[in-house]
Amino acid sequence: MLAVIAAETEPIVTLTHLLQLCRDEHVVLWERVTYPDCHDQVAATLSRLGEIYASQVNPTLDKATRLLLATTLNSTTGVPPVVVAHAPFCSSTASTDRTSC
């Protein structure tokens, strides 16, 4: 799945892959999503990714952004990729209520 995400240029298709990962790894997601250390690591990782993506003016994902996304999903120490993939879909209260994700 990470290789597919790294190769995909269309944001909506990438989003679909992230949702499929959440579906396929549902048990792992709900087992780990409430761990406070997961939230902190994921927030820091997604912040970096968001800064890079916000600077993009093209509606497609360039190679550097795709590789960063795939690397981000796979490199957060001790956090399963599905928890990172799910983070953008959490409610806005996730930072204060760790059980809301």
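Which buried residue has no salt bridge, and which side chain of opposite charge is nearest? The residue is Arg66, and the nearest such side chain is Asp62, 6.1 Å away. Buried means under 20% relative accessible area, exposed means over 50%, and partly exposed lies in between (1.4 Å probe, protein chains only). A salt bridge is a side-chain nitrogen of Lys or Arg within 4 Å of a carboxyl oxygen of Asp or Glu. For charge, Lys and Arg count as positive and Asp and Glu as negative, while His and the chain ends are not counted.

The model is predicted: local features need pLDDT of at least 70, side-chain atom pairs count only at pLDDT 80 or more, and totals for chains, interfaces and linings use all residues. Residues are numbered from 1 along each chain as its sequence is written, and side-chain values use heavy atoms, with hydrogens and water left out.

The protein contains 6 helices and 0 strands. From the N terminus, the order of elements is α-α-α-α-α-α. Helices (H or I, at least four residues) and strands (E, at least two) are DSSP runs, numbered from the N terminus. Of the 101 residues, 35% are buried. The accessible surface is about 5,800 Å², and carbon and sulfur atoms hold 60% of that area. Accessible areas come from the Shrake-Rupley method with a 1.4 Å probe; for residues, only the protein chains shown count as cover. Contact means heavy atoms within 4.5 Å. Among contacts with a separation of 6 or more, 69% join residues 24 or more positions apart.

Arg66 lies in helix α5, residues 63–75. Leaving aside residues up to four places away in sequence, Arg66 touches Ile5, Ala6, Ala7, Glu8, Thr9 and Leu61. Helix α5 has 13 residues. Its first and last C-alpha atoms are 18 Å apart, close to the 18 Å expected at 1.5 Å a residue. The expected span is 1.5 Å times one less than the number of residues. Buried in α5 are Thr65, Arg66, Leu69, Ala70, Thr72 and Leu73. Seen down the axis of α5, these buried residues fall within an arc of 155 degrees, so they line one face of the helix. The arc is that of the directions from the helix axis to the C-beta atoms. Lys63, Ala64 and Asn74 are exposed on the other side of α5.

Helix α2 covers residues 11–24. Its 14 residues should span 20 Å at 1.5 Å a residue, and the end C-alpha atoms are 20 Å apart, which agrees. The buried residues of α2 are Thr14, His17, Leu18, Leu21 and Cys22. Down the axis of α2, they fall within an arc of 145 degrees, so they line one face of the helix. Their cover includes α1 (2–7), α3 (26–32), α5 and α6 (81–86). On the other side of α2, Ile12 and Arg23 are exposed.

Thr16 also belongs to α2. It is partly exposed, at 38% relative accessible area. Thr16 and Ile5 are 11 residues apart in sequence, and their C-alpha atoms are 9.7 Å apart in space. Ile5 is also one of the residues that Arg66 touches.

The count of salt bridges comes to 1. Arg23 pairs with Asp24, with the closest N and O atoms 2.9 Å apart. Arg23 is exposed, with a relative accessible area of 56%. Asp24 is partly exposed, at 48%. Arg66, in contrast, is buried and has no salt bridge.
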